[in-house]
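Here are my notes on this model, point by point. Have the structure open while you read.

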Amino acid sequence: MDVRLRSLRDSPIFEGLSVPEIDSFLESTHVEELPDGGVVFADGDAGECLYLVASGRARITKRSPDGKERHLGDIPEKMVFGEMSLLTGCPRSATIAASGGPLVLCRVDPGPFDRLVRGGSAAGAKLLYNVARSLARRLAQATDVLADELGRKKAPDPGDLAVFKEQLLRQWTF
């Protein structure tokens, strides 16, 4: 296993898995390195894999309807992003790039993920549970943003939908 991935053993995505289970899974992943500003993927790109930040920081941006690029947040070390595309194959919903220096990523392709999750092992169930928890946290954040927005107005103006979407994406944890 690439030594740069050892720090991922205590990532929330691996909660409840043993070190041998984590290491075995990480053996099936790929390391990607990007220079500062290097783009992992762009909004609308086809996607099917998940990423873990082994070192560095990733920046999340989204182009607003008025054409301005908006900074939505950052993804620190040991955090995961891209799980929606891994699970659904849907296009990417934002642009992710290295920020503040080089970025080392652990790319999880669908094949190894599916084999572990569908193999009936406890490790696969725990991994899938942790991915579901990550998505549930984002859904809870989105619900809070929606409730706040609806509480401010009696009837949403169609022009406000772009603002709502930007607020929603800014508060998500990728």
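1. A word on terms: two strands pair if DSSP finds at least two bridges between them. Helices (H or I, at least four residues) and strands (E, at least two) are DSSP runs, numbered from the N terminus. Strands of a sheet pair through backbone hydrogen bonds, either parallel or antiparallel.

2. Before going further, remember that this is a predicted model: local features need pLDDT of at least 70, side-chain atom pairs count only at pLDDT 80 or more, and totals for chains, interfaces and linings use all residues. Residues are numbered from 1 along each chain as its sequence is written, and side-chain values use heavy atoms, with hydrogens and water left out.

3. Start with the open sheet of four strands, which pair antiparallel in the order E1-E8-E3-E6. At its edges sit strand E1 (30-34) and strand E6 (80-81), each pairing on one side only. E6 runs antiparallel to strand E3 (residues 50-55), and two bridges join them. Across that pairing, Tyr 51 faces Phe 81 in E6.

4. Next, look at strand E4 (residues 58-63), which pairs with strand E5 (residues 69-75) in the antiparallel sense over six bridges. Lys 62 stands opposite Arg 70 in E5. Five residues lie between the strands of this hairpin, and Gly 67 has a positive phi near 90° there. E4 also pairs with strand E7 (residues 95-98), again antiparallel, over four bridges; Ala 58 has Ala 98 in E7 as its bridge partner.

5. Now the rings. Rings of Phe, Tyr and Trp (its six-membered ring) pair if their centres lie within 6.5 Å; planes under 30 degrees apart count as stacked, over 60 as edge-to-face and the rest as tilted. The count comes to four aromatic pairs. One of them is Phe 14 with Phe 25, edge-to-face at 6.0 Å centre to centre and 70° between the planes. Phe 14 is in the segment before helix H1 (19-26) and Phe 25 is in helix H1, eleven residues apart. Both Phe 14 and Phe 25 are buried (under 20% relative accessible area; exposed is over 50%, partly exposed in between, with a 1.4 Å probe and protein chains only).

6. How do the rings of Tyr 51 and Phe 81 sit? They are stacked, because their centres are 5.3 Å apart and their planes are at 15°. Tyr 51 and Phe 81 are buried, and together with Phe 41 they form one aromatic cluster.
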